[in-house]
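Below is a short report on one protein model.

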Amino acid sequence: MKTEKPASAARHILLLNGPNLNLLGTREPHLYGSETLPAIEARLVARAREVGAQLATFQSNHEGALIDRVHAARTQGVNGIIINPGGLTHSSVSLRDALTGVALPFIEVHLSNIHAREAFRHHSCFSDVAIGTVVGLGSRGYDFALDFLLNR
Ligand code: CA2
């Protein structure tokens with residue numbers, strides 16, 4: 001059976017996680033699940049490898065560091081980004097500008113359903129410029145985003 005991916009599939013993907021997501025699996029499991037970020041990252045790295053793609057991961061609690069990582073992606077041959085901007089989702093024009101500035105396609109992921117939570121979480125600075133969003137499906141949302149990029 002032919003298993004080749006279409007030429008436009010992303011082969012070098014960057015997984016970005018914003019502030020406080022390093023705490024995953026340690027607190028608030030009712031909101032964010034019980035899986036740790038290193039476990040999620042390892043699963044996605046393995047999945048990408050299985051199909052001959054490459055996945056780099058980066059988490060930071062600092063807006064500027066995330067922006068610098070997005071800029072670096074442009075020169076590193078990254079051709080797709082999966083991002084959970086954490087709380088910056090609702091405030092960071094600068095991180096949005098970095099993503100539109102490098103013009104790399106990205107998918108926005110949220111573990112929780114931000115639309116079913118406090119009103120201040122309903123607005124995202126990223127959704128209108130993302131390829132798509134996955135919200136409320138827990139850590140599986142990252143897997144769905146990766147599969148989409150790999151098969152796009
Ligand atoms: O649902 C999501 O993925 C969020 O991006 C998570 C952010 C929140 O500010 C967004 O509104 C929605 C918060 C990440 C904090 O993660 C923690 C994980 C475990 C314990 C404490 C915080």
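## Serine 112

Serine 112 sits in the loop that joins strand 4 to strand 5; helices (H or I, at least four residues) and strands (E, at least two) are DSSP runs, numbered from the N terminus. Serine 112 is buried, at 8% relative accessible area. Buried means under 20%, exposed over 50%, and partly exposed in between (1.4 Å probe, protein chains only). Neighbours within four places in sequence aside, serine 112 is in contact with Leu31, Tyr32, Arg117, Val135 and Gly136. Contact means heavy atoms within 4.5 Å.

## Basis

This is a predicted model: local features need pLDDT of at least 70, side-chain atom pairs count only at pLDDT 80 or more, and totals for chains, interfaces and linings use all residues. Residues are numbered from 1 along each chain as its sequence is written, and side-chain values use heavy atoms, with hydrogens and water left out.

## Helix 5 and the cores

Helix 5 covers residues 140–151, 12 residues in total. From first C-alpha to last it reaches 17 Å, close to the 16 Å expected at 1.5 Å a residue; the expected span is 1.5 Å times one less than the number of residues. Its buried residues are Gly141, Tyr142, Ala145, Leu146, Leu149 and Leu150. Their cover includes strand 1 (12–17), helix 2 (37–50) and strand 2 (54–59).

The largest nonpolar core has 21 residues. Such a core is a set of buried Ala, Val, Leu, Ile, Met, Phe, Trp, Tyr and Cys residues joined through side-chain atoms within 4.5 Å. Ile13, Leu44, Leu55, Ile82, Val109, Tyr142 and Leu146 have the most contacts inside it. Helix 5 gives the most to this core, with 5 residues. Leaving aside neighbours within four places in sequence, leucine 146 touches Ile13, Leu44, Arg47, Ala48, Leu55 and Ile82. Apart from this core lies another, of 19 residues, including Leu66, Ile81, Ile83 and Leu104.

## Largest pocket

The largest pocket has a volume of about 340 Å³. Of its 18 lining residues, Pro19, Asn20, Leu21, Tyr32 and Gly86 are the closest to its centre. On a 1 Å grid over the protein atoms alone, a pocket is an open set of points where a 1.4 Å probe fits, with protein on both sides within 12 Å along at least five of seven lines; lining residues have an atom within 4 Å of a point. Volume is the space filled by probe spheres set on the points, which are joined across faces, edges and corners.

## Histidine 30

Histidine 30 belongs to helix 1 (residues 29–32). Histidine 30 is exposed, at 67% relative accessible area.
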